[in-house]
Amino acid sequence: AKKAMSVLGMIRRTFDMRAMDEKSFILLYNTYVRPHLEYCIQAWSPHLKKDIECLEKVQRRATKMIYGFSKLTYEERLGRLKLFTLEQRRMRGDLIEAFKIITGKEKIDSKKLFQMASTSKLRGNRFKIFKKPVRLQLRKNCFSIRVVDSWNKLPDSVVMAESVDGFKNRLDKWMLGYGH
């Protein structure tokens with residue numbers, strides 16, 4: 001977050017923000033700032049409120065930098081820029097990684113991470129995952145546990161994509177329409 005804030009400051013000092021349009025700013029933000037906020041995020045995914053807020057604070061500040069956006073609420077700024085919150089992006093990344101593992105596009109044995117539901121008579125998608133019971137709070141934040149509820153909510157139309165790019169496109173449309 002500290003590195004991303006310093007890059008954001010460099011952007012503010014380097015460019016005339018009043019003359020910059022939304023599209024140019026989003027390009028700068030996605031290229032230079034967001035990679036610092038999302039580096040290795042599926043591995044360490046923050047679950048403490050203070051860590052989540054620390055990262056989200058950077059995006060809040062960034063979206064306020066656009067001329068005429070400072071008076072809007074954070075949600076309004078995200079809507080106009082067609083951006084997700086960083087928490088939603090982490091969930092999106094988890095779902096994409098789960099899709100790659102479950103469909104065999106990632107060289108990881110899915111049976112080591114997920115236990116597929118044994119019945120096909122469930123609502124939602126055909127690739128339901130059984131949520132293993134865990135005792136420790138720390139274990140609840142591991143990838144193979146935290147992704148289960150979000151994955152099981154996905155409709156068949158998203159999960160049945162044939163490629164990773166197809167899954168990403170369908171997921172984005174579903175997330176925008178579903179209000180996730």
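Visitor: Why is Cys-54 called partly exposed?

Guide: The relative accessibility of Cys-54 is 40%, so it counts as partly exposed; buried means under 20% relative accessible area, exposed over 50%, and partly exposed in between (1.4 Å probe, protein chains only). This is a predicted model, in which local features need pLDDT of at least 70, side-chain atom pairs count only at pLDDT 80 or more, and totals for chains, interfaces and linings use all residues. Residues are numbered from 1 along each chain as its sequence is written, and side-chain values use heavy atoms, with hydrogens and water left out.

Visitor: Why is Cys-142 called partly exposed, and why is Leu-136 called exposed?

Guide: Cys-142 has 29% relative accessibility and therefore counts as partly exposed. Leu-136, at 52%, counts as exposed.

Visitor: What makes the sulfur of Cys-142 too far from that of Cys-40 for a bond?

Guide: A disulfide is a pair of cysteine sulfur atoms within 2.5 Å. The closest cysteine sulfur to that of Cys-142 is in Cys-40, 15 Å away, and therefore too far for a bond. The count by this rule is zero disulfides. Cys-54 is likewise in no disulfide, its nearest cysteine sulfur, that of Cys-40, being 17 Å away.

Visitor: What makes α1 roughly parallel to α4?

Guide: Helix α1 (residues 2-14) packs against helix α4 (residues 49-64) at an angle of about 10 degrees, with the axes 10 Å apart. Therefore α1 is roughly parallel to α4, since angles under 35 degrees count as roughly parallel, over 145 as roughly antiparallel, 65 to 115 as roughly perpendicular and the rest as oblique.

Definitions and conventions
Axes fitted to C-alpha atoms, helices over the stretch in contact; angles between N-to-C directions. Helix = DSSP H or I, 4+ residues; strand = E, 2+ residues; numbered from the N terminus.
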